[in-house]
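Open your viewer and get ready to select residues. We will go stop by stop.

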Amino acid sequence: MKHCDKCGKKAVTFVRYSGMHLCKMHLNDFFERRVKKELRRQCNLKKNEVLAIAVSGGKDSVVAMHVLNEILGNRKGLELQSITVDEGIEGYRPKSIDIAEKNCSALGIEQHITSFKDIIGYTMDEIAKFPIETTPCSYCGVFRRKCLNLKAKELGATLLATGLNLDDTAQSILMNFMRGDIAKLARLGPHDKVQEGLVPRIQPLRLIPEKESYLFAILNGIEFYDGECPYSERALRGKYRDIINNLESDTPGTRHAILQSNDSIADAIVETFPPAKLIKCIECEEPTLNIVCKSCRMVKDLERI
Ligand code: SF4
C-alpha cells in the first residue's frame, strides 16, 4: 500500500506528472487550490455578479459546479446559476439532463434548460440526418455556444463557466497549431477582453487533467453521466486525444507543457491576431464578425441541402 506524501495516510492516487502519492483529502486540496488559482487568474469576481455554469451532466461540468459551489457558494452577493443545453440527441442527452438536474437540486442551484429545437429550429438528431460534409460536432459546437450565450445573457450572467479540463485545452491548442489556424488559437478562452454581447467564459478546470476530474467525482460521491454521444466517434478531436494521451503516457507532464507553451506566447499571438470588432448578426442579433453569424449561416446551408 502506498502512502500520501503529505500526511502518510493511505494514498488514493499517484500523480505521475508531479511524482506525488496523495490521500483523498490532499487530492481534494490539490484540486481546489488549482481551481482557485485559475479563478484568480481568469476573473475578478465582484459583488452582485451572476456566475452561470454550463452543466451538461457529464463529469467535468458537474465537478466544476460542485467545486465552484464549494469555493464560491457562500460568497455574499454572488449568485450561481446553471445552464443545460438540450441538443436533442435521443438516448443520450435526456439521461444527462436528469443527472445535471439532480446535482443542481442537491446544491440548491437553479437549472435553466435551453434547447437546439427552440433556438436553432432543429435537434441534433435531425441535423445528423442531413447529408452534411463535416462532422455533426462542427454544427453542435457553434449552436451550443449560441444557446449558452443567449441563456447566460437572459439570466444577467457576467461570467459563464464551462467544464473544459486540461486535456480538452491541450487538444484544442494542438489542433489549431496543426491546422495552422493561429487566428483561432488567439481566440481560445479564457479571454481578458470583454466583447459586447458575449458573456465572457471562464474555465475553472483548465489545470485539471481529465482523469483527476473523474477521480474527484468518484471519491466525493458526485453522480455524473458517463454515456457516449452517438456522434462522437466521428469527431476529429478524438485523434488528437489519442496523440496527446500517448505522449503523456511516455512523457508525463506533456499536457501541462502544451498549455504553458501556449500561455507564454499568448500575448504575442493576440497582438498579431487582435480580437476583431464584433457586430450584431442581422438575423438573430448575436455578436458576429460577419453580417450574418455562423450559426444563422449554418442553418441556411442546412435548409438549402
Ligand atoms: Fe455535440 Fe459532437 Fe459532443 Fe455529440 S460529441 S454532444 S455531437 S459536440
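**First stop: a charged pair**

Select Arg-41 and Glu-38: they form a salt bridge, with their closest N and O atoms 3.2 Å apart. A salt bridge here is a side-chain nitrogen of Lys or Arg within 4 Å of a carboxyl oxygen of Asp or Glu. This is a predicted model: local features need pLDDT of at least 70, side-chain atom pairs count only at pLDDT 80 or more, and totals for chains, interfaces and linings use all residues. Residues are numbered from 1 along each chain as its sequence is written, and side-chain values use heavy atoms, leaving out hydrogens and water.

Arg-41 and Glu-38 sit 3 residues apart in helix H1, so about one helical turn separates them. Helices are DSSP runs (H or I, at least four residues), numbered from the N terminus. Is Glu-38 buried or exposed? Glu-38 is buried, at 3% relative accessibility. Arg-41 is partly exposed, at 48%. Buried means under 20% relative accessible area, exposed over 50%, partly exposed in between (1.4 Å probe, protein chains only).

Select Asp-29 and Arg-33, a salt bridge with closest N and O atoms 3.3 Å apart. Asp-29 is partly exposed at 36%, and Arg-33 is partly exposed at 44%.

**Last stop: helix H6**

Jump to helix H6, residues 136–154. Select Glu-154 and Lys-151, whose side chains meet in a salt bridge (3.2 Å, N to O). Glu-154 is exposed at 60%, whereas Lys-151 is buried at 13%. Now select Lys-59, Asp-60 and Glu-210: salt bridges with shared partners join them into one network.

Notes: Helix = DSSP H or I, 4+ residues; strand = E, 2+ residues; numbered from the N terminus.
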